[in-house]
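We will walk through a few spots one after another.

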Amino acid sequence: MPGSITWGNACSRICTWVRLLDRRGRGFYVYNLHLDHVGQLSREKSVLQVTEKIASRQHPQDMFILMGDFNAGENNLAIQYLKGSAQIDGRSNPLPMADTFRQIHPEEEIVGTFGGFTGKIDGDKIDYIFVSPQTQTKSADILHTNKDGRYPSDHYPVTAQIRLNNK
């Protein structure tokens, strides 16, 4: 139910989505979410729910992008589930996803995406752009840009240039 805190989350959380068409009329979906920063159960149930939503999209042939603040490091069960390398409640992800940043930078160790307006770059990567496995990632970065030590957000933007391989 919208606005609920059913799974013990500290705040109401949301996922927005849209289906877009490119100039040739080929569709793709974009999902943007913000998972809870406190409740692990909430993160797990939320990724189960969002993958069900993606799997049941009206145009299953269309590629998809899932992005946002997941409030979970790369070793967190919710992230591992999205990548298809772990189960939650005995269930595997029917649509294993690729982390665009790790496709381009598989060995990078300094990946913190929460800087808290301080310039800190260590810590966990908690912001992601996930894509359908068949999507080609051309570039991906974590932007640490600032102006005179001032940052536009407490999180660093994550970016990816992708090529959707819809037929």
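Select Arg91, which counts as partly exposed at 35% relative accessibility (buried is under 20% relative accessible area, exposed over 50%, partly exposed in between, with a 1.4 Å probe and protein chains only). Before going on, note that this is a predicted model, where local features need pLDDT of at least 70, side-chain atom pairs count only at pLDDT 80 or more, and totals for chains, interfaces and linings use all residues. Residues are numbered from 1 along each chain as its sequence is written, and side-chain values use heavy atoms, with hydrogens and water left out.

Arg91 sits in the loop between H2 and strand S4 (98-99) and Glu52 in helix H1, so the pair ties together parts that are 39 residues apart in sequence. Helices (H or I, at least four residues) and strands (E, at least two) are DSSP runs, numbered from the N terminus. Glu52 is also partly exposed, with a relative accessible area of 41%.

How many salt bridges does the rule count? The count comes to seven. For another of them, select Arg102 and Glu74, which meet at 2.7 Å, N to O. Arg102 belongs to helix H3 (residues 100-104) and Glu74 to the loop between S3 and H2, so this pair links parts that are 28 residues apart in sequence. Are these two buried or exposed? Both Arg102 and Glu74 are buried.

Next, pick Asp99 and Lys125, joined by a salt bridge of 2.6 Å, N to O. Since Asp99 lies in strand S4 and Lys125 in the loop between H3 and S5, the pair ties together parts 26 residues apart in sequence. Asp99 and Lys125 are both buried.

**Into the core**

Show Leu66, Phe70, Leu82 and Phe130: these have the most contacts inside the largest nonpolar core, which has 20 residues (a set of buried Ala, Val, Leu, Ile, Met, Phe, Trp, Tyr and Cys residues joined through side-chain atoms within 4.5 Å). Elements giving two or more residues to this core include helix H1 (40-55) and strand S5 (127-131). Centre on Phe130: leaving aside neighbours within four places in sequence, its contacts (heavy atoms within 4.5 Å) include Phe64, Met97 and Asp99.

**Last stop: Thr113**

Thr113 lies in the loop between H3 and S5 and is buried, with a relative accessible area of 0%. Beyond neighbours within four places in sequence, Thr113 is in contact with residues including Lys125, Ile142 and Tyr156.

Conventions: A salt bridge is a side-chain nitrogen of Lys or Arg within 4 Å of a carboxyl oxygen of Asp or Glu.
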